[in-house]
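Here is a walk through one structure, taken a piece at a time. Have a look at the sequence and the model first, then read on.

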Amino acid sequence: DDVEAARVMAYHVPLVTQEDYIGAVGAAYRLADDMSQSLGLEVFPYSPFYVFFEQYLDIRSRAAWASVAGAGAVAAAAAAFTG
């Protein structure tokens, strides 16, 4: 028999600051990854606030990529127009 669906509940301390929420989202994803590897099942975390705060997990790398892409586009346009 295969397991089609299951629920696992986890709790954390009360969250006050945005850093707390971002840290909780990161910890939930790490816990889900660890559980997925040890159980051999797909495990994913869900909470209503995770949907909003998930975007902050990789915001630094996205901002760096956007800055480099923008600078590259400006440099390419400047080179094209100035010859």
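Let's start with charge: there is one salt bridge in the structure, a salt bridge being a side-chain nitrogen of Lys or Arg within 4 Å of a carboxyl oxygen of Asp or Glu. The two partners are Arg 62 and Asp 58, whose side chains meet at 3.0 Å, N to O. Side chains of opposite charge can pair when their charged atoms come close. Arg 62 is exposed, at 57% relative accessible area, while Asp 58 is partly exposed at 29%. Those words have set limits: buried is under 20% relative accessible area, exposed is over 50%, and partly exposed is in between, using a 1.4 Å probe and protein chains only.

Before going further, a word on where this comes from. This is a predicted model, in which local features need pLDDT of at least 70 and side-chain atom pairs count only at pLDDT 80 or more, while totals for chains, interfaces and linings use all residues. Residues are numbered from 1 along each chain as its sequence is written, and side-chain values use heavy atoms, with hydrogens and water left out.

Now for the greasy part. The largest nonpolar core has seven residues: Leu 15, Ala 24, Val 25, Ala 28, Phe 49, Tyr 50 and Phe 53. Such a core is a set of buried Ala, Val, Leu, Ile, Met, Phe, Trp, Tyr and Cys residues joined through side-chain atoms within 4.5 Å. H1 and H2 each supply at least two residues of this core; helices here are DSSP runs of H or I, at least four residues long, numbered from the N terminus.

Zoom in on Ala 28: setting aside neighbours within four places in sequence, Ala 28 is in contact with Pro 45 and Tyr 50, where contact means heavy atoms within 4.5 Å. What about Tyr 21? Tyr 21 lies in helix H1 and is partly exposed, with a relative accessible area of 23%. With neighbours within four places in sequence left out again, Tyr 21 is in contact with Leu 15, Val 16, Phe 49 and Phe 53. Ala 79 is another story: Tyr 21 and Ala 79 are 58 residues apart in sequence and 44 Å apart in space, C-alpha to C-alpha.

Finally, go to the start of the chain. Asp 2 sits in the segment before H1 and is exposed, at 75% relative accessibility. From Asp 2 to Val 43 is 41 residues in sequence and 15 Å in space, C-alpha to C-alpha.
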